[in-house]
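Q: I have a structure on my screen and want to learn how to read it. Can we go through it feature by feature?

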Amino acid sequence: QVQLVESGGGLVQPGGSLRLSCVGSGIIISISTMGWYRQAPGKQRELVAAISSGTSTDYADSVRGRFTISRDSAKNTVFLQMSSLKPEDTAEYYCYAFRESVWGQGTQVTVSS
C-alpha cells in the first residue's frame, strides 16, 4: 500500500520561504515520477511542480524561478522548496505519485502579513 505524508506547511510572511516534505512508504521515490499540486479555496487543483523518474523537472509558470522540486533517495522523500512567497501562493499543497495515482493528505501554506 502506497502512502504519502506531507509536512512543512505553515504561516509565512510575503517574501518568505518554506520547504515542504513528502515521505513515501510502499513506493520508491527515487524512481517514481512525483508532483506537487495545490488547491486554493474555490479554485481547481493545479500542478505546481513535477520531477520525473530521471532528473527532469517542470514547473507552473506562476512558480518558475521561485520553487524547486527535489528528492532525497536515502530519506525516500520529495521536497518543494518555496521562496519569495506571495499571498497568491496560499493553498493546500498535495504530494502526488503519478504512476500509483496516490495523493498525500495535504499541508496548508498561508502567506500573509
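Q: Which residues have the most contacts inside the largest nonpolar core?
A: Start with the general idea. In soluble globular proteins, nonpolar side chains tend to be buried together. A nonpolar core here is a set of buried Ala, Val, Leu, Ile, Met, Phe, Trp, Tyr and Cys residues joined through side-chain atoms within 4.5 Å. Buried means under 20% relative accessible area, exposed over 50%, and partly exposed in between, with a 1.4 Å probe and protein chains only. The largest such core has 29 residues. Leu4, Met34, Trp36, Val78, Leu80, Met82 and Tyr93 have the most contacts inside it. At least two core residues come from each of β3, β4 (34-39), β5 (46-51), β7, β8, β9 and β11 (107-111). β9 gives the most, with four residues.

Q: What should I know about the model and its numbering?
A: This is a predicted model: local features need pLDDT of at least 70, side-chain atom pairs count only at pLDDT 80 or more, and totals for chains, interfaces and linings use all residues. Residues are numbered from 1 along each chain as its sequence is written, and side-chain values use heavy atoms, leaving out hydrogens and water.

Q: Which residues is leucine 80 in contact with, leaving aside its neighbours within four places in sequence?
A: Contact means heavy atoms within 4.5 Å. The partners of leucine 80 beyond those neighbours include Leu20, Trp36, Val48, Phe67, Ile69 and Tyr93.

Q: What is the strand order in the open sheet of four strands?
A: Strands of a sheet pair through backbone hydrogen bonds, either parallel or antiparallel. Strands (E, at least two residues) and helices (H or I, at least four) are DSSP runs, numbered from the N terminus. Two strands pair if DSSP finds at least two bridges between them. Here the order is β1-β3-β8-β7, with antiparallel pairing. β1 (3-7) and β7 are the edge strands, each pairing on one side only.

Q: How many bridges join β1 to β3?
A: Five, and the two strands run antiparallel. Glutamate 6 stands opposite cysteine 22 in β3. β3 and β8 pair over six bridges, with serine 21 opposite phenylalanine 79. β7 and β8 also pair over six bridges, and arginine 71 faces valine 78 across them.

Q: Which residues of β7 lie on its covered face?
A: In a regular strand the side chains alternate between the two faces of the sheet. In β7, Phe67, Ile69 and Arg71 form the covered face, while Thr68, Ser70 and Asp72 form the uncovered one.

Q: Which cysteines does the disulfide join?
A: A disulfide is a covalent bond between the sulfur atoms of two cysteines. The cut-off is a pair of cysteine sulfur atoms within 2.5 Å. The whole structure has one. It joins cysteine 22 to cysteine 95, S to S 2.1 Å. Cysteine 22 lies in strand β3 (residues 18-25) and cysteine 95 in strand β9 (residues 91-97), so the pair ties together parts 73 residues apart in sequence. Both cysteine 22 and cysteine 95 are buried.

Q: Why does asparagine 76 count as buried?
A: Asparagine 76 counts as buried because its relative accessibility is 17%. Asparagine 76 sits in the loop between β7 (67-72) and β8 (77-82). In this hairpin, with four residues between the strands, asparagine 76 takes a positive phi near 50 degrees. A polar atom of its side chain lies 2.8 Å from the backbone oxygen of glycine 24. The backbone nitrogen of isoleucine 29 also lies 2.8 Å from a polar atom of the asparagine 76 side chain.

Notes:
Polar contact = N/O pair within 3.5 Å; in protein donor to acceptor, adjacent residues only side chain to side chain.
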